Amino acid sequence: MMEFKVKSGELEDLQWRKGDLGDAIEYTRQVWTMTRQGGQTPLMRHGSEHMRAVRVVEHGRLGFATSRTEGWDNLLKDARISSQNGLKTAMQFGQIPSGYTEIPQSQWDEQKIPRMGAVVEEIYTFLEKFSSEFRPTVSVSFHEALTECRNTTGGRANWLRGYWEVSAGGREVDGIDFHSVSGIRISQEQIPSTSSLAEELRERFEWGKKLRTIENGRYPVIFLPPVAMALLEPVLARLSGPALIAGNSPWENQQGTQVLSALLSLVSDAQLQNGPRTAPFDDEGTPTQTCSLISQGILQDFILDRDSASRLQHTPKGFGYRNTLQSPIQSLPSTVVITPGSAKFDELLRRYPRLLVLNGWIGGRATNPMRGDIAGNASDLYLVEAGEVVGRVKHAVISVNAFDALGEQLREVGADAQWIAQGMMQGAPGYIPPLLIDGVDVAVKE
Amino acid sequence: MPIEYGLDDGVMSTLKTLVRRPNVDDLEIRLEINETTEINTLNDSVRHQTHTFDVGGNVRALVKGVYGFVHFDGWEHLERHVDEAILLATWSKECAPMPRMSHPAPIQMTQRLQLKENPLSVSSEDKSRILLEYSDVGHRAHPAIKSVTCRYFDRYRHLWFVNNHDTAIEQEKLDMGGNIVVVARDRQGVAQRGVSFGSSNDFGVVRELTDDVHDAAQTAASLLDAPEIVGGDYPVVVDPQLAGVFAHEAFGHLGEADGQVGDPGLLRQMYLGRKFGPANLHIYDTGSDIGSRGYLPVDDEGVPAQDVDLIRDGVLVGRLHSRETAARLQESPTGNARALHYRFPPIVRMRNTVIAPGDTPFDDLFQGITKGIYAKGSLGGQTNGELFTFLAAEAYLIEDGHVTRPLRNAVLTGNVFTTLSNITAVGRDFTRYESGGGCGKGGQMPLPVSHHAPSLRIEHCLVGGRQQ
C-alpha cells in the first residue's frame with residue numbers, strides 16, 4: 001500500500017534561488033478533546049494536522065502553494081507556477097526578530113487526560129442536578145499550534161500557541177419551550193477553574209425558570225459578551241483589508257474620525273494573557289502587537305494582513321491569520337478586546353427601572369456587514385425590573401444596526417469581560433465585557 | 001474517473017487486517033485523498049487561486065460505551081493510530097452501557113463518479129476566465145456596482161472505508177459550488193445581492209449564470225434606497241430557495257435524532273404521529289438525488305442512504321439517524337451519519353431536504369394579503385431546535401395582494417413547533433435549487449447539502465426590523 005508521509009523533507013532543506021522573495025511556513029496543530037453529552041456516547045478525540053505553505057513573489061506577482069504532505073521543493077515549484085497568474089503585489093518579507101530559533105516544547109502531557117475526564121464528570125454531574133430532565137453537554141479541550149517560519153532574508157522563527165477550553169451547558173425541554181444555558185472558560189496555562197462557570201450556568205438556569213411577557217417596543221438591553229461579539233462583526237468587516245481594497249467599506253477614509261461612541265475602545269491584542277492567539281507572531285510570521293483599532297470611538301487603524309497592507313501602503317502589524325489550517329491567510333485581529341468600563345454587572349442591572357439582558361441570539365448576524373443591520377430571534381433573553389432579574393422572555397426578535405448600537409445608542413461598557421471562542425461564524429476570539437445599549441427594537445409575537 | 005492515483009487493492013487489504021482487533025465493539029478506519037481547487041476573484045483580477053491535496057484519515061473505536069477518535073494527515077503509522085484510538089476509548093471513564101447497535105448488512109462496494117462535465121478537466125485559467133466574465137457582467141449592469149466578488153471551489157474525494165463488521169467501501173465523491181456577490185454603494189449606503197451555484201456532477205452549472213448575475217446587480221442597486229422592514233407579525237410568502245432553507249432550519253435540524261436522544265422532554269414532543277403541519281405538507285430527506293450537493297448513496301458509517309419521510313400528510317413520521325442514535329431510539333439507521341472531512345467523526349446531518357410540491361398556483365399565494373412580506377433568496381439561517389431565524393436576500397412589501405416595493409434587512413423568525421402549522425399554502429412551483437454554501441453543526445462547516453422546494457405561504461411570521 002502506498003504511503004503518504006507528512007514530514008517529507010525538512011524546512012531547512014528548502015533551496016531558494018538567489019534574489020528570491022518569499023517565505024515558507026509549516027504549521028502543526030494538535031487538539032485533544034473530551035466530550036460528554038446527555039444520551040450520547042462519550043467521545044475522546046485527538047487530531048493532528050500539518051500544513052505547509054510557500055509564498056513567492058516573482059515579477060511582482062504573488063504565487064503560493066499549500067499542501068499537507070507535499071515536499072518543500074515541489075511546493076516552491078508550484079508557488080512559482082502560481083505566481084504567473086498571481087495578483088500584483090508589493091509585499092515584502094522583512095527581517096524576523098531574533099530569539100525564536102529554538103523549536104518550543106509542546107505543553108501537552110498525556111497525564112492531563114485523567115484530569116480532563118475528572119473535570120468533565122464534575123461539571124456534568126453538577127449540571128445533571130439542575131432538573132431531572134436537564135440534558136447536559138460538557139467538553140474540555142487543549143489546542144496547540146506550532147508554527148515554523150523561514151523567509152528569503154534568512155529570517156527564521158518558531159513559536160507555539162496553546163490554550164485550554166472548557167465549554168458547558170445544556171437544556172431542559174418543557175412542552176415546546178427549550179430552556180438552554182451555555183458558557184465557556186479559556187486559559188493558556190492549565191485547565192480553567194470551572195467553579196465560576198458552574199455557578200454562572202446555575203444562576204442563568206434559575207433566572208429562566210419563570211417566563212415573562214413584554215410588549216413590542218424599544219428597550220435598554222444589556223448585550224452579554226457572546227451577543228456583544230456579534231455586534232462587532234460588522235465593525236471588523238469595515239476595518240478589514242478585503243473590504244477596503246474592494247472599495248466597499250464606508251470607513252476607507254475615516255482614520256482619525258469619530259465613527260462610534262466615545263465610550264467604545266477596540267483593541268486587537270496579541271499579548272493578552274490567556275488569549276488563544278497570544279503569540280509573538282501572527283500566522284504569516286509578522287511580529288504581533290497590541291494595536292488600537294478604535295479609541296474612544298475614533299478610528300485608529302485597520303486590520304490588514306501582509307498582502308492587504310502592501311496594497312494599501314500600510315505597515316503590516318500582525319493581522320494575518322488562518323481560520324483553519326486549510327484556509328488562506330486572511331485579514332483578522334488576534335484577540336478582539338473591548339476596553340472594559342467600571343460598572344459591575346449588578347450595577348448595570350440597576351441603570352434603568354426596566355431593561356432586558358440578552359445572551360443568545362439565533363441568526364443574530366448582519367445580512368449585510370457593511371450596512372450592519374442585525375436581527376435575530378432571542379434565545380436567551382431576560383427581563384430585569386428594579387435591578388432584579390424577574391424572568392425569561394420568549395418569542396422576541398431583537399433588531400439593531402450595529403453601528404448605531406455601538407454609536408449613539410451605547411450607554412455604558414461593563415467591567416466583567418469574558419472570553420469568547422473563535423467559532424464557525426466568527427473569525428477571531430474575543431475578550432468582551434457586557435454592553436448597555438438603549439433604544440433597542442424588540443418585536444414580540446403575540 | 002478524474003484521477004488515477006495508481007493505488008492497488010493493497011489499501012483495502014491493509015485496512016481489513018488493521019480492523020481485526022479483539023475486545024473492540026466497533027472499529028472503523030477511513031482514508032481519504034482530497035484534491036481541491038479554489039478561486040477567488042475581485043472585480044477584474046484573480047485574488048486567490050489554490051490547488052491542494054489533502055491526504056489523511058481517521059480511526060474510530062468504540063470500547064465499552066466510549067468512543068475514541070483519532071485523525072491524522074498522511075498515510076503513515078496506521079497501526080499506531082488504531083492503537084491510539086482504542087487507548088483513548090479506554091482512557092475515559094466507562095459510562096452507561098450503550099444499547100447494542102445494529103450492524104447493517106455488510107457492503108463491499110466500489111463507487112465511481114459519473115459526471116456530466118468534469119470540473120477537474122476544466123483548466124484553472126478557464127474557470128478564472130468565466131468568473132471574471134461574470135464580474136464584468138455585474139459591473140456593466142448598473143453604475144452603482146462597486147465590487148463583484150466571485151468564489152469558486154471544487155473538491156474531488158477518494159475514500160476508503162473499512163469496519164470490523166465486514167463493510168469495505170471505496171468511493172469517489174465530487175462537490176463543487178460557489179457564489180458571485182455584487183455590492184452596490186452610493187451615498188445612501190451599501191447593498192449586496194448574490195448568485196449561488198452548486199452541483200455534485202456537472203461543471204456546466206457554472207456556465208449558465210449570466211442572466212442571474214445581471215439580475216443580482218440590478219437588484220443590489222434597487223436595494224440601496226429601500227427602507228428597512230418594520231418589525232412585526234406578518235403573513236409571508238417565501239420563494240422556493242428560502243422555503244428550502246426554511247425546511248432545513250425550521251424542521252430538518254429538529255429531525256436529527258442526535259438532538260433528541262437523552263432528552264425526555266423533547267422526545268415527548270417529537271413522537272411519531274404528531275400533527276405538525278397542514279395535510280398537504282410533505283417534507284423528506286434524501287441522499288439519492290444524483291447531481292445535487294446532498295447526493296450521498298452511502299453515509300460515512302457505511303450505511304446505504306434511505307429516503308426518509310420526516311413529515312407526510314402534515315404528520316411527523318420519521319427522523320434522521322446515525323447507527324448510534326438509531327440504536328438508542330430503537331429505530332433503523334437512515335444513512336445520515338456524515339463527516340465533513342477526515343478530521344471529523346460522523347454526526348447526524350441532512351442531505352437533500354425537500355418539500356414536495358403542492359397545488360397552489362404562484363399568483364394565488366398572495367391572494368387576500370392586505371399587508372405582508374414576499375421574501376426571496378437566502379443569506380443563511382440558524383436554529384437551536386426550538387427557534388429558527390433565516391435571512392432573506394430580498395424582501396418586498398405585499399399590499400392588497402400585490403408585490404409593491406423593496407425592503408431591506410428581512411429576517412424571518414419563529415418557533416419550529418408552531419410555524420409549520422401556520423403554512424397555509426404550498427406552491428406548485430417546485431424548484432431544485434443548489435447553492436454553494438453549506439450547513440454548519442458541531443464545528444463541521446460547510447457540509448454540502450441541498451434544499452428543493454416550492455414557494456410557501458406562512459401566516460403570523462415574526463419578522464425582525466426596527467420600529468417605525
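## Salt bridges and overall build

A:Glu12 counts as partly exposed, at 43% relative accessibility. The model is predicted. A:Glu12 pairs with A:Arg156 in a salt bridge, and A:Arg156 is likewise partly exposed, at 31% relative accessible area.

| Acidic residue | Basic residue | N to O distance |
| A:Glu12 | A:Arg156 | 3.5 Å |
| A:Glu49 | B:Arg343 | 3.5 Å |
| A:Glu199 | A:Arg202 | 2.5 Å |

The pair of A:Glu49 and B:Arg343 crosses between chains, from strand 2 (residues 43–58) of chain A to the loop between strand 12 (337–338) and strand 13 (347–348) of chain B. Both residues are buried. They also belong to a network of salt bridges with A:Arg29, A:Arg68, B:Asp54 and B:Asp73.

A:Glu199 and A:Arg202 sit three residues apart in helix 3 (residues 195–207) of chain A, about one turn of the helix. A:Glu199 is partly exposed at 38%, and A:Arg202 is partly exposed at 32%. Over all chains, the salt bridges number 60.

Chain A contains eight helices and 22 strands. Its radius of gyration is 24 Å, close to the 22 Å given by the globule rule for 446 residues, so chain A is as compact as a globular protein of that length. Of these 446 residues, 63% count as buried. Chain A carries 45 positive and 53 negative side chains, with the centres of the two sets 3 Å apart.

Note on methods
Residues are numbered from 1 along each chain as its sequence is written. Chains are lettered from A and ligands numbered from 1 in the order in which they are written. This is a predicted model: local features need pLDDT of at least 70, side-chain atom pairs count only at pLDDT 80 or more; totals for chains, interfaces and linings use all residues. Side-chain values use heavy atoms; hydrogens and water are left out. Helices (H or I, at least four residues) and strands (E, at least two) are DSSP runs, numbered from the N terminus. The radius of gyration is taken over C-alpha atoms; the globule rule is 2.2 Å times the number of residues to the power 0.38. Buried means under 20% relative accessible area, exposed over 50%, partly exposed in between (1.4 Å probe, protein chains only). Lys and Arg count as positive and Asp and Glu as negative; His and the chain ends are not counted. The place of a charge is taken as NZ of Lys, CZ of Arg, CG of Asp or CD of Glu. A salt bridge is a side-chain nitrogen of Lys or Arg within 4 Å of a carboxyl oxygen of Asp or Glu.
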